[in-house]
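Please consult the sequence and the model while reading.

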Amino acid sequence: MATLKVPAHVPAPSEDAEQLRKAFEGWGTNEQLIIDILAHRNAAQRNLIRKTYREAYGEDLLKSLDEELSSDFERAVVLFTLDPAERDAFLAHEATKRFTSSHWVLMEIACTRSSHELFNVRKAYHDLYKKSLEEDVAHHTKGDYRKLLVPLVSAFRYQGEEVNMTLARSEAKILREKISDKQYSDEEVIRIVTTRSKAQLNATLNHYNTAFGNAINKADPEDEFLKLLRAAIKCLTVPEKYFEKVLRQAINKLGTDEWALTRVVATRAEVDMVRIKEEYQRRNSVTLEKAIAGDTSGDYEKMLLALIGAGDV
């Protein structure tokens, strides 16, 4: 379900590395050449380009990009160029920092990646920061948020499609009771949301909606913890709806939220951007391409449009 446009004939990594080096040399940086290469290579190809670039020029490509580019364009290029696990580790680490802290980014990474992807994020986090993701999340969160986020980032869920309907009915009943009593952080609610497979959670929520109405989404709209819990459930079951909302809010707010816009485009371009674009158009009656083009400009706009597969950009 990715929209990333990779050319039928991809040049050798050494050729791409050489072209990127040329893009950095001379009086001005050739931004279009950087977009033409990096926005049209998949993760494995980008990793090879980085490896080849380091071998040829003795410098990390990311360092060169950091020195040559600036602002939102730089962040978009660098984030996308990173290996996916490394990128998520970087975003998670940023989300535990004082001035860029975000429960939402931590939840998003934990709930929209596969079990193996999340495992690789934890490994990358070890390698990059010499400590565990779990310990940093535990250290930088507290109360109900810690109760939810630590098991979420620690999870290794079953990935299969098998579902136990008896369990789905009983756990839907538990969720109904706890949410009716406003016990949103009850250990049973946390246990169900942080350990069950995505297929099992879907079955539980389908039964919940059929038997009790869509009350999880309607309960207590002002409760901040419940907002995060609801978003986690959405990420686990219908991620394209979650990401559509993040993009809509990033684009529609007074002054674009470029960090959210860049994060979603960079992390979903190779995953489920087709579904996100469909959901965006269904929900907003305008294409995501048109919304981004109307809200961004210059090389940053070109990079984002290339990543979401918007024609020949």
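**Definitions applied to a predicted model**

Q: What does Met107 touch, not counting residues up to four places away in sequence?
A: Met107 touches Leu149, Leu152, Leu228, Ala231, Ala232, Cys235 and Tyr242; a contact means heavy atoms within 4.5 Å. The model is predicted, so local features need pLDDT of at least 70 and side-chain atom pairs count only at pLDDT 80 or more, whereas totals for chains, interfaces and linings use all residues. Residues are numbered from 1 along each chain as its sequence is written, and side-chain values use heavy atoms, with hydrogens and water left out.

Q: What makes a set of residues a nonpolar core, and which residues have the most contacts inside the largest one?
A: A nonpolar core is a set of buried Ala, Val, Leu, Ile, Met, Phe, Trp, Tyr and Cys residues joined through side-chain atoms within 4.5 Å. The largest such core has 91 residues, and those with the most contacts inside it are Ile34, Leu65, Met107, Leu261, Ile292 and Met303. Its largest share, nine residues, comes from α15.

Q: What joins the side chains of Asp295 and Thr256?
A: A polar contact of 2.3 Å joins them. The term covers a pair of N or O atoms within 3.5 Å; within protein, one must be able to donate a hydrogen and the other to accept it, and residues adjacent in sequence count only if both atoms are side-chain atoms. Asp295 also touches Ile251, not counting residues up to four places away in sequence.

Q: Where do Asp295, Thr296 and Glu301 lie?
A: Asp295 is in helix α19, Thr296 is in the loop between α19 (288-295) and α20 (298-307), and Glu301 is in helix α20. Helices are DSSP runs (H or I, at least four residues), numbered from the N terminus. A polar atom of the Thr296 side chain lies 2.7 Å from the backbone oxygen of Ile292.

Q: How do you know that the span of helix α10 agrees with its number of residues?
A: The expected span is 1.5 Å times one less than the number of residues. For the twelve residues of α10 (residues 143-154) this should give 16 Å, and the end C-alpha atoms are 17 Å apart, which agrees.

Q: Which residues of α10 are buried, and what puts them on the same side?
A: Leu148, Leu149, Leu152 and Val153 are the buried residues of α10. They cover an arc of only 115 degrees around the axis, so they lie on the same side of α10; the arc is that of the directions from the helix axis to the C-beta atoms. An α-helix has 3.6 residues a turn, so residues three or four places apart point the same way. The buried residues of α10 pack against α7 (103-112), α8 (115-129), α9 (133-140), α12 (187-195) and α15 (224-237).

Conventions. Helix = DSSP H or I, 4+ residues; strand = E, 2+ residues; numbered from the N terminus. Buried < 20%, exposed > 50% of the residue type's maximum accessible area, 1.4 Å probe, protein only.
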